[in-house]
Amino acid sequence: NKGITLVALVVTIIILLILAGVTLNIALSENGIFEKTKEAVEKYKKAEEDEENAIDKIADILENITIDYNDYVGCYVEGYKPEIKTDKNPCIIEQTTSGYKNNGESQKFTTETEMKWRIWDYDENKGIIRLISEKPTNELLTLQGVAGYNNGVWAMNEICKKCYSNNEDGVTVTNLKRSDIQKVSNYDYTKYKHKDEGTEAEEVIDDSSETDEDFVYFGESKTYGDNNKYPEIWMNNDSNWQYEYNEETGTKREKDKECTIWEKIENDEGKMSNNFIGGTSSTEFKQSFYVHNYKKEEFKNEKYYNLIFECFDENTKNYWLASRVVVLYHDDCAFGFGNIGDDNISCRLGADGVFRSMGTTRINSDALRPIVSIDLKKSGCTITKEDKDDNVTFKLSWDK
């Protein structure tokens, strides 16, 4: 009565056989456990491979990523150190090229060791990045007359080159030009005009009640009767000529080569001068000047407004632009250079003249604004981005 019956044993065996069959079917069939496990292992291996490939691709992207430095206009750059010019070894600009004579008969310029640098722009195609000084120079360049007009661009660039270059291959230094500002501005300077009266040139904003005869337009030409004297290269606004003058012999020298004798014209003081040559009553003078009080919204990137104009304090002087201009007035015209800041208005692009077509000379003194151009490949220079206290800065390092 207490033992297991044969029927029960057979039934138990049958059930076990059924369960074993079901288990074997689950484990060994095409969709069984073993196949599923095998598929899972293969999928895991493939996921590992995909993850490794993705990591490699991300690493390649990070390794080859190019920073668009134009997004970082105005950021400070550390690591640029100019070769130091001292009082014992200054950059010297002689009177023969500046037209200006002081007690020493030459102007001496030294390096400002505390100068800081900021990003101006980056040319991705050429691999060239340019830096601009944080502020204009403390020392001023004085220019006078035709000698100053002919040689002013050269003098500005020569000072910047000698005082702010580090003498590495692929590094050049010049002074800021008017065309540099034009490239980053939306202001249409070709439509500039001012009232044709007096000796002041102010941009005309509201001309609804005036006629075209009242204005002098950019690119317009005029004649001035007897007031027609001019420098020989007055049309070359961004030219880089260098002349030397000898007032005793009346000769000019271009880059150490003898040139022809200038016509000597007696000035108001009765001295013989070779600082200009005479035109005729039909000589035309072309307006290449414009003055403008900029607003931030007139720049493609308002950071350029900050770089150009927000560099003034109580000790900062106006600074030259290495671009010649001719300003047409009512009775004569003036020859000079573009500059930034006028009458303590720090958002103004204007000009300072050094010679008038009536034959008189003017003396003007402005600071400089160096621009450093670095060919990254040629110079062996690399730039790395650093985040410091929520401020982005860049650091230069040199392979040499």
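Biologist: How do the residues lining the largest cavity divide into nonpolar, polar and charged?
Modeller: In this predicted model, the lining divides into five nonpolar, two polar and two charged residues. Phe109, Thr110, Glu112, Thr137, Glu139, Ile159, Cys163, Tyr164 and Leu368 make up that lining. Glu counts as charged and Thr as polar, so Glu112 and Glu139 go in one group and Thr110 and Thr137 in another.

Biologist: What makes this space a cavity?
Modeller: A 1.4 Å probe fits there but cannot get out, so the space counts as a cavity. Its volume is about 40 Å³, and the whole structure has one cavity of 30 Å³ or more.

Biologist: Which helix gives the most to the lining?
Modeller: That's H4, residues 145-164, with three residues. H4 is mostly covered, with 18 of its 20 residues buried. There's also a kink of about 60 degrees, centred on Asn151.

Biologist: Why is the pair of Tyr294 and Phe299 called tilted?
Modeller: Their ring centres are 5.0 Å apart, within the 6.5 Å limit, so they pair.

Biologist: What makes Trp320 and Phe337 edge-to-face?
Modeller: Their planes are 80 degrees apart, and anything over 60 counts as edge-to-face. The centres are 5.7 Å apart. Trp320 lies in strand E18 and Phe337 in strand E19, so the pair ties together parts 17 residues apart in sequence.

Biologist: How do you know whether Tyr294 is buried or exposed?
Modeller: Tyr294 has a relative accessible area of 3%, and buried means under 20%, so Tyr294 is buried. Phe299, at 5%, counts as buried too.

Conventions:
Residues numbered from 1 in each chain as written. Predicted model: local features only at pLDDT ≥ 70, side-chain atom pairs only at ≥ 80, totals over all residues. Heavy atoms only, no water. 1 Å grid on protein atoms, 1.4 Å probe; cavity = no way out; pocket = protein on both sides within 12 Å on 5 of 7 lines; lining within 4 Å. Points joined across faces, edges and corners; volume = space filled by probe spheres on them. Helix = DSSP H or I, 4+ residues; strand = E, 2+ residues; numbered from the N terminus. Bend = angle between axes of the 7 residues up to and from the residue. Buried < 20%, exposed > 50% of the residue type's maximum accessible area, 1.4 Å probe, protein only. Phe/Tyr/Trp six-rings, centres within 6.5 Å; stacked < 30°, edge-to-face > 60°.
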